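Keep the viewer open while you read.

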Amino acid sequence: MSEMKTQRLSDSVALHTFSDSRFKTMKVSVNMLVPLRKATAARNAILPALVSRATREYPDYTALNCRLAQLYGASLSNSVQKVGEYQVLTLSAAGLSNRYAFGGEDMFAQLTELLFDVLFDPLKDSGGLFPLEGFQQEQRQMLEMLDAEFNDKMTYAHRRCEELLFQGQRAEVGRCGTREDVEALDRRQVTAGWQELLESARIEIFALGGCSPDPELFRARFSGLGSPQPIGLLAYEEPGEVRRLVEEQPLSQSKLSMAFRADYAPEEKRLFQLMAAVLGGVPSSKLFQNVREKMSLCYYCSAGMAPNSRAMFIESGVETENLERAEEAIYSQLHALQRGDLTEEELLSAQLALQNSLRSATDSLPAIEGLSLGQLFGGHVLSPEESIQQLMSYTKEQVVEAARRLRPAVVYTLKGGSVHEAEG
């Protein structure tokens, strides 16, 4: 199996290559990593979608899509993620591998050149700004996306719990800022923000699949760009008294979101993922089997580690009259795990589920990139096979010990009426 190879192009730019002839396609991504800040979150978040609308050479939707069609149906994509206390802004181009091009074209060179056009020569108007119509459309779409997240109460409850958990830290900021921040965006500041982003971000480039990139191509284009950003796991803060907040809205199903802090080293990240899976991450887990199935207290009840945040969240959908019982039952299952109530069958079931997830990651270029990028933040880089070996080596005693290191921090409840801070 192929392995990811990394080459530093400068103090702030790295190229990661995963060349594998199994893939008939290839993908080139430029990931820009910057610290999350309230003042810049919304501005940064709109930029990937805005610059990928058109370029000076392909100045409208029709011209750009015609070029993508010429490249055997290639695609451009963009995304904004939150990883711990960082914003990850991504622009990607994906298309056919060179060996499948009918005319023997260098598809990698053409695809990369198009991505460079988006990065370094996005369309500007006569005043040197991003065109007004495109800016307004992307602003409107961001507002609609934030409204959709507000209306998705599972997402909303998690977001509110996260805000409470990370209050006063950069991780408190949402990946796209707030609705008010998006509404207040200024086109001139957004335009200036793109060059600032290219100069201030840590840049992680991925060239994946059926391709063999020349590092010098990227070194030349990214020379002088980027800025070293020391990334890593979010610093651990010991929680004090559990913070409880109840918000009331007219809902048919209440939401319960619970957050825990966990102090662990980067090399223990996989252990804590396994612990969360045993507790509530797979169908054989304690929360699923007991709180949801046997006690019928939740429509759903799951546990998972937040990416690179030294935090675990337990999310559940509950009938309002069952909220108190559900919370007690969740704590009861956690305490049972902390006392050592874990069978070898439960452990193996969780290990095999995570193993399957790791194996399937190598079958998808986006999954390979996501796995590798996550490891960069963790500072402990392993191949998928090494990760599987590590995962399967963990014992019941290690998982129980990891559970004992969880510290309850926040209980957020969403049900019907006014907002008030609960005692506790």
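Phe102 is exposed, with a relative accessible area of 80%. The model is predicted, so local features need pLDDT of at least 70 and side-chain atom pairs count only at pLDDT 80 or more, while totals for chains, interfaces and linings use all residues. Residues are numbered from 1 along each chain as its sequence is written, and side-chain values use heavy atoms, with hydrogens and water left out.

**Aromatic pairs**

Tyr72 is partly exposed, at 29% relative accessibility. How many aromatic pairs does the structure hold? There are ten. Rings of Phe, Tyr and Trp (its six-membered ring) pair if their centres lie within 6.5 Å; planes under 30 degrees apart are stacked, over 60 edge-to-face, the rest tilted. Tyr72 and Phe102 make an edge-to-face pair, with 5.8 Å between centres and 70 degrees between planes. Tyr72 belongs to the loop between α2 (61-70) and β4 (75-83), and Phe102 to the loop between β5 (86-96) and α3 (107-120), so the pair ties together parts 30 residues apart in sequence. Helices (H or I, at least four residues) and strands (E, at least two) are DSSP runs, numbered from the N terminus.

Phe150 and Tyr156 are also edge-to-face, because their ring centres are 5.1 Å apart and their planes stand at 80 degrees. Phe108, Phe116, Phe120, Phe218 and Phe222 are linked by ring pairs into a cluster.

**Charges over rings**

A charge sits over a ring if NZ of Lys or CZ of Arg is within 6 Å of the ring centre and within 35 degrees of the ring normal. Arg170 lies over the face of Tyr86, at 5.8 Å from the ring centre.

**Burial of selected residues**

| Residue | Relative accessible area | Class |
|---|---|---|
| Phe150 | 39% | partly exposed |
| Tyr156 | 15% | buried |
| Cys66 | 42% | partly exposed |
| Cys211 | 7% | buried |
| Ser296 | 52% | exposed |
| Asn308 | 4% | buried |
| Glu138 | 9% | buried |
| Glu149 | 27% | partly exposed |

Cys66 is partly exposed, and Cys211 is buried. A search of the whole structure finds zero disulfides; the criterion is a pair of cysteine sulfur atoms within 2.5 Å.

Which residues of α1 are buried? They are Ala41, Ala42, Arg43, Asn44, Ala45, Ile46, Leu47, Pro48, Ala49, Leu50 and Val51. That is eleven of eleven in helix α1 (residues 41-51).

Glu138 is placed in helix α4 (residues 132-151). Contact here means heavy atoms within 4.5 Å. Setting aside neighbours within four places in sequence, Glu138 is in contact with Ile46, Ala49, Leu50 and Arg53. Among the buried residues of α1 are Ile46, Ala49 and Leu50.

Glu149 also lies in α4. Residues up to four places away in sequence aside, Glu149 touches Thr155, Tyr156 and Arg175. Its C-alpha is 16 Å from that of Glu183, across 34 residues in sequence.

Ser296 is not a glycine, yet its phi is positive, at about 55 degrees. Its place is the loop between α10 (286-294) and β9 (300-305). Asn308, another residue other than glycine, has a positive phi near 55 degrees. It lies in the loop between β9 and β10 (311-318). Ser296 counts as exposed, whereas Asn308 is buried.

**Overall build**

The protein chain has 15 helices and twelve strands. Its C-alpha atoms fill a box of roughly 65 × 50 × 35 Å along the principal axes. A compact globule of 424 residues would have a radius of gyration near 22 Å; the protein chain has 23 Å, which agrees. That radius is taken over C-alpha atoms, and the globule rule is 2.2 Å times the number of residues to the power 0.38.

Buried residues make up 54% of the 424. Among contacts between residues at least 6 apart in sequence, 82% join residues at least 24 apart. The accessible surface comes to about 18,700 Å², with 49% belonging to carbon and sulfur atoms. Areas come from the Shrake-Rupley method with a 1.4 Å probe; for residues, only the protein chains shown count as cover.

Definitions and conventions:
Buried means under 20% relative accessible area, exposed over 50%, partly exposed in between (1.4 Å probe, protein chains only).
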